[in-house]
Amino acid sequence: MSVLDLPSNRAEAWRWADLGGLAAAAALEPVARADAAPYFLDLPGARLLFVDGVLDEGASDLGSVTLAQLAAGDHPLGRRAGGLGWLLRLDGQAVTDPVQVVHVATGRENHLAAEIVLGEDAAAQVVETYVGAGWSNRATRVELARSARLMRAVRFLQGAGFVSVRDEAAVGQGASLVTTFLGAGHAGSRIDGQIVVGEGGYAEVGGALLTAGEQKQECAVRVRHAEPNGQSHQLWRAVAADRSVASLAAAVEVARHAQKTDGEQSLRGLLLQRTATVNLKPELEIFADDVKCAHGATVGELDARALFYMQSRGIPKPRAQAMLTRAFVADSIERIGNEAVREAFAADADAWLEAVL
Amino acid sequence: MLKIDNLHAEIDGKAILKGLSLEVNPGEIHAIMGPNGAGKSTLGYVLGGRPGYEVTAGSVTFDGQDLLEMAANERAAAGLFLGFQYPVEIPGVSNVQFLREALNAQRATRDEKPLSGGEFLKLARAQAAALEMDAEMLKRPVNVGFSGGEKKRNEMVQMGVIDPKFAILDETDSGLDIDALRIVGDGINRIMRKPDKAVLLITHYQRLLDYVKPDFVHVLADGRITRTGGAELAHELEREGYTQVAA
């Protein structure tokens, strides 16, 4: 399969996808391997280091993770990632320390599949970090049995290239899946997700995409409530500087018998310069009649009155802009439950602001 | 301390200040009164350095420095404080974070050491207590969900923490009930009534002047000062109205 077999922007789900950027990333010349050590947080639990999609065994501690042949689905990008991947499978009631995965890319393209399968009442946390350059493509399948709980935090810190992730998740009865993304590097990205929520299940998916220069980042996530009494929250924030483009497409689908579904969508964009672009597409497809679905979508600039107010108190303009922008993205990151992870992500967002403003 | 000479300023090409001159010395409290639309708030914003207000002629010096050449945050660091008629709400930024950042930015500009978290909190709590503001409110986002009176009180807490040399207070009395007016008035006296400090009170009504006695009262009409007097001028204005007195 070559990069030429990419979907077309004419298809609605790929309308804002930077397919050219993806092909360009795959052609990036090899670069020196980045040191992964700073990207592992000081947490107990398994540590996995993948270099160009291949496990560096010497630098990894697998814990309860195994390597396995994983099938990929039929998603146009995700299907490329089938083959040997990492698998976290927990039996009922099992609880594990956070699993940290650092993906280092050194140019060209790399593909990797993952599966997270949690038994009844099992609980896990997974933190993933992407660094380096090239096209990193991932397909992750999540399966949560009754009352299982998974918290995932994923950050894109690649200096160049493109990161594409395809997530397919099934949230079982009363189970809970919380996924937070942070795009704070210089690479393009596409977050592609399909989450199916079962009876009384809970799904949160969201995060912040921070773009600058000529960068393009986007999310295209669909939450489907297949059974009654489910809850979902999609809270996305996009901050775009220079001539960059951030696109947020979030859909909620409520099946005919999925009564009492509570779905919330909040998509907000902030333009740091008028040359930047934020695209928003909230989508609701509701076939049940007794549901609560709230949605909001806004794009704006920093509040000039607030900027002057802060300056009049002595805060220099760039710092005032950073504080207001940070406040804008704060609630998307604050959803991360683990304090160390939350602080690391907040520090990445701060570093991005520091560099851009 | 502050010297305004023949100041002309406009917004969107519309002239608002038309040759305003005023001198304020250390230890003095000046009140600027005038009808709506006379240019009172514009004067405050021009002195504070708000973007969009264009000075077309005249000069302003503050302690001998050209104020108009300085960025808004540099004016603050030089000791100028602008109390807002409509304090701005800033969701997601707490009062503590905002004020500590402001104070330490000013201190950095003046080559002073930053205050530690503990030192700062002690100072902020003391100022909140003096203005009868619940210290819990310091943890809340800046002015978000505050009543009109609470916002004005918060302006005074900020002034107390920052401890400026010169304060321009724009309609600080609006939106205050009689108790809050006394608390705010006491605050202005406590923080600013000092031999090395000065205040410019911009107000529409004389009621705040019952608590903060001005040394000079100026009438601002159509972009310039048309009359100057002592505290008694405020009462005359209250009795007879602006049209009579300002003419």
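Predicted model: local features only at pLDDT ≥ 70, side-chain atom pairs only at ≥ 80, totals over all residues.
Residues are numbered from 1 along each chain as its sequence is written, and chains are lettered from A and ligands numbered from 1 in the order in which they are written.

**Exercise 1. Describe the build of chain A and decide whether its radius of gyration agrees with that of a compact globule.**

Step 1. Helices (H or I, at least four residues) and strands (E, at least two) are DSSP runs, numbered from the N terminus. Chain A has four helices and 17 strands.

Step 2. The radius of gyration is taken over C-alpha atoms, and the globule rule is 2.2 Å times the number of residues to the power 0.38. For 357 residues a compact globule would have a value near 21 Å; chain A has 20 Å, which agrees. The C-alpha trace of chain A spans about 60 × 55 × 45 Å along its principal axes.

Step 3. A residue is buried if 20 or more other C-beta atoms lie within 10 Å of its own, exposed if 12 or fewer, and partly exposed in between, with C-beta atoms placed from the backbone. Of the 357 residues of chain A, 53% count as buried.

Step 4. The UniProt record, an unreviewed entry, annotates residues 114-328 of chain A as "domain: SUF system FeS cluster assembly SufBD core"; positions are given in the numbering used here, feature names are shortened, and annotations may be inferred rather than shown by experiment. Over residues 114-328, chain A is 10% helix and 62% strand.

**Exercise 2. Determine which elements of chain A give two or more residues to the side that touches chain B.**

Step 1. Two residues are in contact if their C-beta atoms, placed from the backbone, lie within 7 Å. By this criterion, 16 residues of chain A are in contact with 20 residues of chain B.

**Exercise 3. Explain how the buried residues of helix α7(B) are arranged around its axis.**

Step 1. Helix α7 of chain B comprises residues 232-240, and Leu233(B), Ala234(B) and Leu237(B) are buried there.

Step 2. These three residues cover an arc of only 105° around the axis, which puts them on the same side of α7(B); the arc is that of the directions from the helix axis to the C-beta atoms.

Step 3. The face turned away from this buried side carries the exposed residues Glu232(B), Arg239(B) and Glu240(B). After α7(B) comes Gly241(B), with a positive phi near 85°.
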